[in-house]
Amino acid sequence: MNILGPDTLVFGVEDVESCARYLTDYGLSPKGNGHFEALDGTGVVIRPKDDPSLPQWTFPTANQLRKTIYGVADKDALAEIATELAKDRDVRFLDDGSIEAVDDVGFILGFQISVRRPLHIPAEQVNAPGDARRGVNVIGSSADVNQPPPSPRTLSHVVYFVPDAQKAEAFYVNRLGFRVSDRFLGMGPFLRPAGTQDHHTLFFIETPAVMHGCEHFTFHMGGPTEVLRAGYAFAAKGYQSFWGPGRHRFGSNWFWYFNSPLGCHIEYDADMDQHDDSWEPREAPGIVDNSQIFLFHWREKWAPGGPPPTASH
C-alpha cells in the first residue's frame, strides 16, 4: 500500500488561541480555520475540544489527538486501503474524497490523496577533511543574527502511548503494509509505511491504559543547525524545553522536544536515516542510553567576557 506518511494531525484543544499562537511560533503557517502548515502542505488542525465535527474522544488522557490523516500516492492506493479495512470494520467515505476508519487500539485514521508538495530546498551541508560537501566560499552559518528562524519542512512522525504495542504493530504491519525499522524491547516498534524510506513515521510506546494517547509529533527541519536555530528561537519566546537538543540512536535524527498546550510534546527533528526493504531491524532495551547518542542542555546566550551562563532549562 503506497502510504507516504502522515499528512495532517487533528486535535481537539482546551484553548484554541494559545494553541494557535504556539503553532505559529513553532514555525507553521496559519492558513485559516484552525489549519497550520509546514512548507510542503502537511500540518496540524486544531478545533475546540467540544466541536461537533471532531471524532469523539474515548481515552482518559488530557491529550486529544482526534485523528491522524495519512497521505497516499493516488486513488488506487486509497481504494486498496478501503477494501482491506472494510473486511472487518466500518470504513467511512467522506465528502472530501478521503476515507476514515479506526485502528485496532482505538485511534481514528484518515486516508487521503496526499497534500504534500514537492520541496526543492537545499539541505544543510558539512565540510570535513577528505569530504568537503559545502564547498569553497560557501558560508555554513549566516552572519545575519536577525535572520528569521527556519521553517518546518514536512510532518515527520507521530508517537502513540498504547496499552498493547504488539496489537498495534500487528494492525499496521499486517493490514496497512508498514515495516518495522527497529525495536525497543519492552517498549515498542519504529514503523514506516511503504511510500517512504524514512526510518519511522510511527512509534509505539507501551504504557498503562490511563496514558493512552499521543506522546509527541514532529516536523523535519533542513539539518541539525536548523533544529538548533529553530529550537533556540522557540525557547527564547518562553516555551519550555522538555528534552534536548540531542541526537537519537535509532533513526539517527537530531531532536529537540518542547512542552505544548496541545497536551503532548512537540519536537523539531532532522537528518533521519533512510531504509529500504533490505534493512534488518535492530533490537535494544528501551533505556535512556539507547534512546540518545548524546544530549545537550540548552542555556541562555553567553559570550566570552560576559556573565556566566545560567542554569539549564
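Phenylalanine 184 and phenylalanine 203 are both buried, where buried means under 20% relative accessible area, exposed means over 50%, and partly exposed is in between, with a 1.4 Å probe and protein chains only. Before going on, some ground rules. This is a predicted model, in which local features need pLDDT of at least 70 and side-chain atom pairs count only at pLDDT 80 or more, while totals for chains, interfaces and linings use all residues. Residues are numbered from 1 along each chain as its sequence is written, and side-chain values use heavy atoms, with hydrogens and water left out.

Back to the rings. Rings of Phe, Tyr and Trp (its six-membered ring) pair if their centres lie within 6.5 Å; planes under 30 degrees apart count as stacked, over 60 as edge-to-face and the rest as tilted. By this rule the model has 29 aromatic pairs. For phenylalanine 184 and phenylalanine 203, the ring centres are 6.2 Å apart and the planes stand at 70°, so this pair is edge-to-face. It links distant parts of the chain, since phenylalanine 184 is in strand β12 (residues 179-185) and phenylalanine 203 is in strand β14 (residues 202-206), 19 residues apart. The strand names follow DSSP: helices (H or I, at least four residues) and strands (E, at least two) are DSSP runs, numbered from the N terminus.

Phenylalanine 217 and phenylalanine 219 make another edge-to-face pair, with 6.3 Å centre to centre and 75° between the planes. Both phenylalanine 217 and phenylalanine 219 are buried. Ring pairs also join them into a cluster that includes Phe11, Tyr22, Phe234 and Trp256.

Next, the cores. A nonpolar core is a set of buried Ala, Val, Leu, Ile, Met, Phe, Trp, Tyr and Cys residues joined through side-chain atoms within 4.5 Å. Which residues have the most contacts inside the largest nonpolar core? They are Phe111, Tyr172, Phe217 and Leu262, in a core of 62 residues. Apart from it lies another core, of eight residues, including Phe184 and Phe203. In general, nonpolar side chains tend to be buried together in soluble globular proteins.

Leucine 262 touches Phe11, Val13, Cys19, Tyr22, Val44, Ile46, Asn63, Gln64 and Phe217, not counting residues up to four places away in sequence. Contact here means heavy atoms within 4.5 Å.

Two strands pair if DSSP finds at least two bridges between them. An open sheet of eight strands has the order β2-β3-β4-β1-β5-β8-β7-β6, with mixed pairing. Its edge strands are β2 (29-32) and β6, each pairing on one side only. Strand β4 (residues 43-48) has five of its six residues buried. Strand β1 (residues 3-13) pairs with β4 in the parallel sense over six bridges, and glycine 12 has arginine 47 as its bridge partner in β4. Strand β3 (residues 35-37) pairs with β4 in the antiparallel sense over three bridges, and phenylalanine 36 stands opposite valine 44. β3 and β4 form a hairpin with five residues between them, and glycine 41 in the turn has a positive phi of about 100°. Elsewhere in the sheet, strand β7 (residues 99-102) is joined to strand β8 (residues 108-113) by four bridges, and the two run antiparallel.

Now a helix. The expected span of a helix is 1.5 Å times one less than its number of residues. Helix α4 (residues 224-236) has 13 residues and should span 18 Å, and its end C-alpha atoms are 18 Å apart, which agrees. Its buried residues are Pro224, Glu226, Val227, Ala230, Gly231, Phe234 and Ala235. They cover an arc of only 155° around the axis, so they sit on the same side of α4; the arc is that of the directions from the helix axis to the C-beta atoms. These buried residues pack against α1 (16-26), β17 (254-258) and β18 (265-270). After α4 comes glycine 238, with a positive phi near 105°.

Last, two single residues. Is arginine 153 buried or exposed? At 11% relative accessibility, arginine 153 counts as buried. Arginine 153 is in the loop between β10 (131-132) and β11 (154-162), and its contacts include Asp40, His220 and Glu226. Aspartate 289, in helix α5 (residues 288-291), is exposed, with a relative accessible area of 64%.
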